[in-house]
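Subject: Structure handover

Hi,

Here is the structure I promised to pass on. Please open it first, then read my notes below.

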Amino acid sequence: MKDTEGGETEMLEKLGIRVVRFTSVLSPHFHPRADRKSIRHEILKALVELRGMLAEFDLAVLDEFNYLMREDLITPAEAVGFLREKPEALELAVTGRGAAPEVIEMADLVTEMREIKHPSTRGVGPRPGTEY
C-alpha cells in the first residue's frame, strides 16, 4: 500500500527474499482522496492473486494486513476466510495495528507493538538506513 520502494523491501530483495508488492492497492492514509470502492476492488483482486501463489512459500508476511480491516477495506469475515485457506505448511504472519478480534482468535501467536517515542513526532523526516 506504499507508493515507493522502501529500505525494508530493498534489504529483503538483496538477501534473495522474494517481495511481492501490489502497487495498485492504494493506502487511504497516503491517498485520502482515492475512491475507497476502487481500493477495495483492488484489494480483493490482490487477495485472489496472492491465494494462488502462497503454496510456493514456507513463510509469508502480509505487511499491514490488519490495516485493511481497521480501515474497513475488507471485513474481518473476509480476512478470516482468506487466512483459513492458507496451505497447511505455510507459516503466515500478518502485521499492522488494530487486528480484528476474529483474527486474534484464530491466530497461534499475537504480538502487539506500540510506539512510545519516535523521531517523526519531533518533525524528523525519514532517515536513510532506518525508515528506508
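F65 is buried, with a relative accessible area of 3%; buried means under 20%, exposed over 50% and partly exposed in between, using a 1.4 Å probe and protein chains only.

Some ground rules. This is a predicted model, in which local features need pLDDT of at least 70 and side-chain atom pairs count only at pLDDT 80 or more, while totals for chains, interfaces and linings use all residues. Residues are numbered from 1 along each chain as its sequence is written, and side-chain values use heavy atoms, with hydrogens and water left out.

**The aromatic pair**

The structure holds one aromatic pair. F65 and F82 form it, tilted, at 6.0 Å centre to centre with 35 degrees between the planes. (Rings of Phe, Tyr and Trp, the last by its six-membered ring, pair if their centres lie within 6.5 Å; planes under 30 degrees apart are stacked, over 60 edge-to-face, the rest tilted.) F65 lies in helix α3 (residues 65-70) and F82 in helix α4 (residues 76-84), so the pair ties together parts 17 residues apart in sequence. Helices (H or I, at least four residues) and strands (E, at least two) are DSSP runs, numbered from the N terminus. F82 is buried too, with a relative accessible area of 3%.

**The core**

The largest nonpolar core has 22 residues. Such a core is a set of buried Ala, Val, Leu, Ile, Met, Phe, Trp, Tyr and Cys residues joined through side-chain atoms within 4.5 Å. I43, F65, M69, I74, F82 and V103 touch the most other members. Two or more residues each come from α2 (36-53), β1 (59-62), α3 and α4. The largest share, six residues, is from α2.

**Helix α2**

Which residues of α2 are buried? They are I39, E42, I43, A46, L47, L50 and M53. Seen down the helix axis, they fall within an arc of 145 degrees, so they line one face of α2. The arc is taken from the directions from the axis to the C-beta atoms. Their cover includes β1, α3 and α4, with contact meaning heavy atoms within 4.5 Å. The face turned away from the buried side carries the exposed residues K37, V48 and G52.

**F22**

F22 sits in the loop between α1 (7-14) and α2. At 22% relative accessibility, F22 is partly exposed. Not counting residues up to four places away in sequence, F22 touches A46, E49 and L50.

Best wishes
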